[in-house]
Amino acid sequence: MIAYIIRRTLYAIPILIGVNLLTFVLFFVVNSPDDIARAHLGVKHVTQDAIEKWKAERGYDKPLIINERAAGVEKITGTIFFEKSLALFAFEFGRSDDGRSIGQEISTRMWPSLAIAVPTLIIGIGVAVSFALLLAFFRGSYIDLWGVVICIIMMSVSGLFYIIGGQYLVGKLWHLVPISGYDVGVHGFKFIVLPVVIGVIGGLGAGIRLYRTFFLEELGKDYVRTARAKGLSESRVLFTHVLKNAMIPILTGVVVILPTLFMGSLILESFFGIPGLGSYTIDAIQAQDFAVVRAMVFLGSVLYILGLLLTDISYTLVDPRVRLA
Amino acid sequence: MPFQPVILWTDALIFLLLALVIAFILIARRREHLRAPWREVMRSKMAMGCLVVLLAYFTLGLLDSLHFRPALPSADASNGRVDYSTEVLSVLDLAAAPLRSRVEKTYSAPFAAYSYARETVTRLDGTQVREFPRLQFGGAHLQDPAAERGRDILLRSLRALLVGGIIWLLSGALLVALLARRANTPFRLMLANIMRGRTAIPWHVMLYTSGAMMLLAAWCVALSGAYHILGTGKVGQDVFYEAIKSIRTGLVIGTLTTLVTLPFAMLGVLAGYFRGWVDDVVQYVYTTLNSIPDVLLIAAAILMLQVYMANHPDQFDTIALRADVRLLFLCLILGITSWTGLARLLRGETLKLREMDYVQAAVALGAGHAAIIRRHLIPNVMHIVLITMVLSFSGLVLAEAVLSYVGVGVDPSTMSWGNMINSARLEMAREPMVWWLLLAAFVFMFTLVLAANLFSDKVRDAFDPRLRKL
Amino acid sequence: MKPLLSIKNLSTWFETSQGRLRAVDDISLDIAPGEVFALLGESGSGKSLTALSLMRLLPGTARSRGEIWLHDEDLLRLPEIRMREVRGGRVAMIFQEPMTSLNPVLSVGTQIGEALRAHRGLKGKHAERRAVALLDAVGIAEPQRRIHDYPHQFSGGMKQRVMIAIALAGEPELLIADEPTTALDVTIQAQILELLRTLQKERNMAILLITHDLGVVSQMADRVAVMYAGEVVELASRAQFLSAPRHPYSQKLFDSLPGRAQRGKSLAVIRGMVPPLTQTFSGCRFAPRCDLAWQTCRDVTPALLAAEGGGKVRCHLYDANYSVMRPAAPPARLSACNVQAGAAVGPAAPGMRAGADEVLLKVTGLKVHFPIRKGLFKRKVGEVRAVDGVSLALRAGRTLALVGESGSGKTTVGKSILRLLPITSGDVHYGAVDLDSLRGGALRAQRGALQIIFQDPHSSMNPRMMIADIVAEGMIAQGMGGDERARLARIDRLLEQVGLSPDVKYRYPHEFSGGQRQRVCIARALAVNPRIIICDEPTSALDVSVQAQILNLLKRLQDELGLAYLFITHNFAVVEYLAHDVAVMHQGRIVEHGGAEQVLSNPQHDYTRRLLSAVPKIAHHA
């Protein structure tokens, strides 16, 4: 098991190198630091001095890959590639445009993100699985038919409208909870409720429909017929036999996104003013703060690969057929 | 010539896609195994009703994709030189010219005769008052809006519905007559069969859906001539016009993305067929791309495009071209984030197919790799491509809105539902609320996405044999 | 004696887009306590659906009508909650596919426990003790330990034993066994049948055995009902049925069985195919395929009437009211020499052509090992020795049967000779050509000489190609057949040669039955003028009557074209009928090799003897 995990972690290295090279090319090769500086400072009336100053402030004033002027190891280390790209492997994210340490920001901002994302995920799965089971139980009937149609209708509404509508109804019209803001501890609860509820509702349609197909697929299998031939009731067939098998794809599908929960939800956080990583990212994109975007790209990849690893491990826990080798 | 045709990148691709679809239909008509699942789709009432709605959207989108530059009234007609406007218009703009040109000063509510914002107006007697000024175009024909508006709207609506109804009856009769001729049955019998739902294809549902659409269209056309039926936006533009113009943007993103994706996704077939190092490379590439969160990859790419465009203004001389390149680039980058899913599906299916006896038999007969991929593999994975294409359409339309909100969507000058929502969001706090932009975007987007979702649900049922048994 | 189960006028049907499909049409049967009642029929005869109707386990789209009396309760009228007590309690059922019939994520103990709890009210320790006893009863070693294992830790035969243990948990009076051994190897089949027999005697339990296999019937059944097209056509005791089957269809089933007695002759076949059950029948359902039918058979529907010597039969030949109207010829059994039109077989013994002794294919020391790779750099940590040193020789015009159970490596031998799988070591010579050294274009050019026919007629043709394209594929690849016109003419000839009409060439594979598809596959192979055809279980997915057609065709083609067959099979009857030479494979090696007569009648190797003794023998009826 340990050996397997180590091996899988090694697999991740080439992928992270790929991500690293890709971001390097995107951020420094497609457009040179000069171009970026010019775009930032306004294209027309910008002096070369201003550009150099902008670059020096951010440490973009070095050569890209090889520093000819430096000597020894400095040839390699005194470059943008080394300082900005390779440093990511050591989780040294550098500073954002406003001069703050990105690493510091990440470690404080991930908690509000988790406070929204974790309950949203757990409640969302619970509700979706329950409704999906209900539809599977009544498969082929009008309950099932209209349930699916309602799911499709829910899926057809843009997530933005759930947020806007929820904020308008609950916050503005009924004054139940504040429209936006965040606080820690018990006081934070009132800020969390609405985003979580909206997050759950927004994902419900797709979730129910997906899980329903999982259940129906299992219901068509031979072992279900065996269970019925044993004289088990339909609900027992559904809740023990089918549910247990269908939970395998459901759980492993969830595990893969677990680590990325740290990243938070871009839209929810930004609409509700939650100071999490999602809103941090979106602000960085809108302010064209490339250092932050680059850091988040790398962090996202690391977390995704972690998710893949966890998925493999979780298979061994829920599926007796799978043994890691 | 009074105009100069302009073919934007996305126009060219749209017509390429259209040509592909038509070619596919012609081929599928002759092949039973392709026709059978479509026949199942065509027998579904839900799917055919949705198809009518989708066709209406696609027609508007296509009209909006025929671009041209109108000739300017030349100052010097004698030398025979014609100057063309720098403004790129579409056939749809031509049809909706009144909507495009009647711009108010700022916001106004649907069917309003007065502006949303107070203004300082100088009366004839020289006194200055702050009041809601009359709109320049919306309800301008009314003497006393408060008293006349309701009656006016009602009369115009009735007239419009009457006209719409007549058009519907005439076109419906034409359709029934055509069907009757083809089936060689009397008109009345055909009509009775259709109305009672006794035809294989649910023509009655299509007739009713198209009837509803025609009445609605007639009403919109009639009323939008005199009012801003969905209000006006911040700079006084007609929201109804904006919503209609957004259709093309949504369709381009929903369809071209998958078209751009296809060549990449086919790598999955190669990976599954050749295995070995080809498989390793393809898998590595898609795991790497997949590991970057989609929004961030799109954001990074679009930001870099912005920087590039800012630094190379000479390559993008017209606003239309800039916006179009950005739209195309967005499709491309969305495609790059989404091809991995399809490629993985295709790889998995190909791994299964290559072990099938008929592929083994082809190898034993001495068929080469190219022949096997072309004759045996690609035709047998096309249904997956089709299902993915249809299913991802609505997701992409929705994604456009979110991306535009984040600021990495289409160009701000491109009309799109995302941009409409984004601009409305900034006015959320205003009292009274500016709700009509949201409403317009919601209605147009929801209708398209819902129709596409319901349609794709049926397509998947028909093409995916796994779920056919229940 | 009062019957245990009495089926009266049971009908089961589906509504389809082609109309009502009557899968089971008005059947009546009685099963006595403690007897083994076999329901025999080919695919599509309705035998499995009859069983599912009894258990009320039909798919949601099916409907049933009639009466099913278990003692004095009508199962079709029981409320669902009472029916659950019957299912797994008084009536239990086991299925054909033990591989998929157990829930993969529950331990076998849990799965037995569920049945014990539902029908015996046992829980906890008591249930576990009982489950262990049941596993022991079905012959699973170390039941104490195995009870916590999951289904994937058991082999196919073991899984079927677990299934039987689950079925026994409710102490049923009737066990329905739906093709319980069809998916299993012949030696395992013998064990499972033996187990069922023992359990049935010990517990005085009735068994409704559903099967297509006359051998199984002969070994197990007390009484037999033969189903055809949704109807019972004959009902008889085993002795009666085996010694003198009465319905022409039953007779044909026996006659189409290959075997040693039929060597050199062509097999009797049933022409045509099972009629679609969506039509309304008038007259006898078998009449269009019956050699003995006359006008009455097509006009008047026969009833299932008591026949002389016990039992019942649904045929006008045995109905005095009609049989007198038959024009000429007595109602005798048809001789086995009846030959399908157009399938004339020369009287000459096979292999007598000139140059017959030429060795076409010589395989020496063939090894095919599949590496097991692990770790970061996929280093090899072991290998599966699928084929481990096989040598054989194949002569022109001869058939070499490669016999073995699943996993013995016989298919791997076939595919690696064709270079569809990589050869690890060894030598494969086709004439003077060293096949294992050829690469790329040279290999492709050589491929015409050796062809293959597969087992599964459904996956052996690309569903998206027309028959003409399928047959033409090899000609195009080999650059044969000249221009388009010449090629089409050749396709017509090939289709005729395999007994199909040339008109079929513009149709798609899904329009054909299994036997017809197998004919197209043969045509596809013949198109490139092969000298050797590797037949990989070409008839094991087919019904016995269709199998006879294909075997006849293969035999005729061998005689006409001097083809050599490497015939891969697990079916000894086919070997006895067809093979000149036999090689028995076990665990990647050939354990015995020789002339067919010698190997089959005087087996030397222990494994061969074990295999042969496991084959169910049909007490001959002549």
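A: A contact here means heavy atoms within 4.5 Å, and on that basis residues 24 or more positions apart account for 68% of those contacts in chain A that have a separation of 6 or more. This is a predicted model, in which local features need pLDDT of at least 70 and side-chain atom pairs count only at pLDDT 80 or more, while totals for chains, interfaces and linings use all residues. Residues are numbered from 1 along each chain as its sequence is written, chains are lettered from A and ligands numbered from 1 in the order in which they are written, and side-chain values use heavy atoms, with hydrogens and water left out.

The secondary structure of chain A consists of 14 helices and 0 strands, where a helix is a DSSP run of H or I with at least four residues and a strand a run of E with at least two. Read from the N terminus, the elements of chain A are therefore α-α-α-α-α-α-α-α-α-α-α-α-α-α.

As for overall dimensions, the C-alpha trace of chain A spans about 80 × 60 × 35 Å along its principal axes, and the radius of gyration of chain A is 25 Å, whereas a compact globule of 325 residues would have one near 20 Å (taken over C-alpha atoms, the rule being 2.2 Å times the number of residues to the power 0.38).

Of the 325 residues in chain A, 51% are buried, that is, under 20% relative accessible area with a 1.4 Å probe, protein chains only. Chain A exposes about 14700 Å², of which carbon and sulfur atoms supply 68% (Shrake-Rupley method, 1.4 Å probe).

How values were computed:
Buried < 20%, exposed > 50% of the residue type's maximum accessible area, 1.4 Å probe, protein only.
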